[in-house]
Number of protein chains: 2
Amino acid sequence: MQPDAPTGAPLTPAIVFENLNAFQRTFALKAAIELDVFRAVGQGPGDVASIARYAKASERGIRILCDFLVINGLLQKVDGHYRHTPSSAAFLDPNSPHCLSSIVGFLSLPELRQPYEHLAEIVRTGKTVLPGEGTVEPENPVWVEFAQSMAPMMAPLAGPLGALVLEGRQGPMRILDIAAGHGLFGIEIAKQNPQAHVTGLDWLPVLRVALDNAKKAGVQDRYDMLPGSAFGVDFGGPYDSVLLTNFLHHFDPETCVGLLKKVRSSLKTGGCVATLEFVPNEDRVSPPMPAAFSMTMLTSTASGDAYTFRELSDMHTQAGFIGVTSHPIPMSPHTVVMART
Amino acid sequence: MQPDAPTGAPLTPAIVFENLNAFQRTFALKAAIELDVFRAVGQGPGDVASIARYAKASERGIRILCDFLVINGLLQKVDGHYRHTPSSAAFLDPNSPHCLSSIVGFLSLPELRQPYEHLAEIVRTGKTVLPGEGTVEPENPVWVEFAQSMAPMMAPLAGPLGALVLEGRQGPMRILDIAAGHGLFGIEIAKQNPQAHVTGLDWLPVLRVALDNAKKAGVQDRYDMLPGSAFGVDFGGPYDSVLLTNFLHHFDPETCVGLLKKVRSSLKTGGCVATLEFVPNEDRVSPPMPAAFSMTMLTSTASGDAYTFRELSDMHTQAGFIGVTSHPIPMSPHTVVMART
C-alpha cells in the first residue's frame, strides 16, 4: 500500500506520519457517510455551500472534510468543486446499486475497534482482549450486524461462488450454508437452480436476516433454518454441497480440520465443500487486503488467522477431502477453495 | 496518497476498505513502537522467534504485527525475515539519531484522538467538540507533551529556519520565540550566533522543557523565559526577529492579523518575522501532509486551519509587514514564511 522511497531518493518521515495519523481516514469516511456527503456530491453542483446545505453542516466543516477525502482518493476536486471518482460513484454513492456504505456499521462496531486500544497487550499474549473466543463466542450479536450491513460487500461474490458450486448442474440438490449470515450465498444457488434446497446454519437472530433475504429473492419455500453452533448441531444431510464462507479464519488449524471432517461426513459421495476466505500469498504480506486480514483475526479472536492456500489445502486434505483447488474471485479480495469427498 | 484506478481499469472496492480500516495502521505502528519491535529488527536476525523474545511477546502476535507493518511499508520481509526499510531504519529505529518514535506520545493524546469519535457533529458545527478553544485553551497540558515528544520531528527544521532568520548575520541580536514549545528554534539561533539572546514565550510548564533543552545546548545564559499567553503578555523588545512557529494555524485569520500586528510593533525597524507553518497549495488538497493538517485543526480547535501562502501573505500584509516570501523546507511538510517590518 505504501511503497518506500526508491533507493537514492531523499528520505522523508512522511510514511511515519501517514501511518500514525491513518485513523483520521477511518473517521473521515465514516463521517462523510453519516452526513450523506457522497449523495450530495453525486446529485448536486458539488460546491461547498450546496453540499453543506444538503448535509445540514457548516461550510468550514464540509470544506475541510471534502478536501480530506480528496487527499485520500475518495473524491476529486475540479475547479474548486467536488466530484465523484469512479470508485466513489460506484461504491459510496447511495444512488449506486453497488453502494457499500452500510459496511461502516459492521466495521465500526466497538467489538472490532476497541481491542486496538490494547494492541501491544494483544501482541504480547497472542490473542484478543475480548472475553473467551472473542467475536466467535456463542450468540455474539456482532453477527446480526454483519448479516445486515455486510451484504452489499458479499453480494458480488455470490454469483461466482454459486457458479463454482453448481458447475451448470440443475435438478434436485441439497445445500448446507454454514455461518450463513445474510444468507446470500445459499440464496444465490437457490436462484441459479430452481430445484436446489438450502439449509442455512447460524445463530437464530442471524438466520432471521437470511430468511428475510430469502423472502426478498422469492426462494423462502426452499430455505430451511438450522439454528445453533456449527460445532454443536447435527448437520443432517446428506448434502450435495456445503458452503463454508468467511468462517475458518476464526479458528486454529486443528479446529478447522475437525470442522471439515464433520462437513465431509455430511456430504454425499462426490459432494463438494466451497470455502470462501481471505487467502494471502505464501509470503503472507500480499495481496494487501487478504494479508492484512490476519490483523483483524489477531485482535478479535483467540486463534484465528488469514490462511494461505497451502494451509487451507492441508486442512482439507487432513479432513479427507481430495482435489483441492483455488479460485480467486476477480476484483475482490476473496478466494473460493473447492474440494471433493 | 491513494490514487484512484486509472480510467478503464476494473473498479474494486479496495479503497473503501483501506480507508475504513486505516485506523488499524495507527494502532499497529503505536504497538510496534511500544514493544520496541524496530530496535529488535535493527539489531537482531529478524526472524519471528527472535523478535518475539526481544519484545517479550507471542510469536503469533509478532508475526501478524510485523507482516502488517510490511504491508504498510514500515518494514521489509526477505526470505521470511523482517528487515528495516530505509525509512524505518532512519525514523523508527531508536538507535538512529533521527528516530521519531517519541511523537506517538503527542499524536496519541486523547485530546487529539477522541474528537474523531464525534467527527460528523464537528463537521455540522464547524468546530471542535473540546471545550472552548480546544487545544489552545489556556495552560492546556497537551503542549507540555508536544514540547517533550515532538522535538525530534522539529529538530531537522531548526537549522534551515535559523539560517533564514540570521542570513549569516553575527553580532548582538534579540530574538522572541512565540509558542516556543521545546524551544529548539530559538536555541538553534543562539547556537548559530553566539551573541544572540533568545526570549521564549509559552505557558510556564512548557518553558521548563525549553529551558532544559537550552541547558543541554549550553545556551541557557542567553535564554529568557516569558511565561503566559501570546495574546496577553507584553512582548517587550524591540527584537531583531520574532519566531512564530506552529502557531497561527490554531486561530482564525482575524486573530492571526491581530497577533501579527502585535508582533510587528515588537520588532525593530527592518526586523523580520519567521512563521513556520503547514502551507498547502492554493487547491488545498496538495501536498498531502500540509493539506491534511486542516483536519487536525477542524477537530481540535474552534477556528484554526492550514492556511495557503496567499492567505498567510494577506495576513502579514494586513498587519503591516512587507516583502512576504515563502521558503518550503526540503524533505519536510513545513514552510517558513518570512516578512519584514
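Reader: Which residues of helix 14 of chain B are buried?

Author: The model is predicted, and buried here means under 20% relative accessible area. In helix 14 of chain B, that holds for C256(B), V257(B), L259(B), L260(B) and V263(B).

Reader: Where do these buried residues fall, seen down the axis of helix 14 of chain B?

Author: Start with the general idea. An α-helix has 3.6 residues a turn, so residues three or four places apart point the same way. In this case, the buried residues of helix 14 of chain B fall within an arc of 165° when seen down its axis, so they line one face of the helix. On the other side of helix 14 of chain B, E254(B) and S265(B) are exposed.

Reader: What covers the buried residues of helix 14 of chain B?

Author: The cover includes strand 3 (173–178), strand 6 (239–245), strand 7 (267–278) and helix 16 (309–318), which belong to chain B.

Reader: How is the span of helix 14 of chain B checked?

Author: Count 1.5 Å a residue: the 13 residues of helix 14 of chain B should span 18 Å, and the end C-alpha atoms are 18 Å apart, which agrees.

Reader: How many residues of helix 5 of chain A are buried?

Author: Twelve of the 13 are buried, so helix 5 of chain A is largely enclosed by the rest of the structure. Among the buried residues are R60(A), R63(A) and D67(A), along with I62(A), L65(A) and F68(A). Helix 5 of chain A covers residues 59–71 and reaches 18 Å from its first C-alpha to its last, close to the 18 Å expected. After helix 5 of chain A comes G73(A), with a positive phi near 80°.

Reader: Now the sheet. What is the order of the strands in the open sheet of chain A?

Author: The open sheet of chain A has seven strands in the order 5-4-3-6-7-9-8, with mixed pairing. Its edge strands are strand 5 (223–227) and strand 8 (322–328) of chain A, each of which pairs on one side only. Neighbouring strands of this sheet are turned by 20° against each other on average, direction ignored.

Reader: In what sense do strand 7 and strand 9 of chain A pair, parallel or antiparallel?

Author: Strand 7 (residues 267–278) and strand 9 (residues 334–340) of chain A pair in the antiparallel sense, over seven bridges. As one example, E277(A) has T335(A) in strand 9 of chain A as its bridge partner.

Reader: Which strands does helix 13 of chain A lie across?

Author: Helix 13 (residues 204–216) of chain A lies across strand 4 (196–202) and strand 5 of chain A, and runs at about 175° to strand 5 of chain A. Helix 14 (residues 253–265) of chain A lies across strand 3, strand 6 and strand 7 of chain A, at about 145° to strand 7 of chain A.

Reader: How are the two copies related?

Author: A rotation of 180° with 0.0 Å of shift along its axis places chain A on chain B, with an RMSD of 0.0 Å. The two copies are thus related as by a two-fold rotation axis. Of the residues of chain A, F23(A) comes closest to the rotation axis, at 1.8 Å (C-alpha).

Reader: Through what surface do the copies meet?

Author: Of the interface residues of chain A, 100% are also interface residues in chain B, so the copies meet through the same surface.

Note on methods. Residues numbered from 1 in each chain as written. Chains lettered and ligands numbered in written order. Predicted model: local features only at pLDDT ≥ 70, side-chain atom pairs only at ≥ 80, totals over all residues. Heavy atoms only, no water. Least-squares fit on C-alpha atoms with pLDDT ≥ 70 in both. Contact = heavy atoms within 4.5 Å. Helix = DSSP H or I, 4+ residues; strand = E, 2+ residues; numbered from the N terminus. Expected span 1.5 Å × (residues − 1). Buried < 20%, exposed > 50% of the residue type's maximum accessible area, 1.4 Å probe, protein only. Pairing = 2+ DSSP bridges. Axes fitted to C-alpha atoms, helices over the stretch in contact; angles between N-to-C directions. Arc of directions from axis to C-beta.
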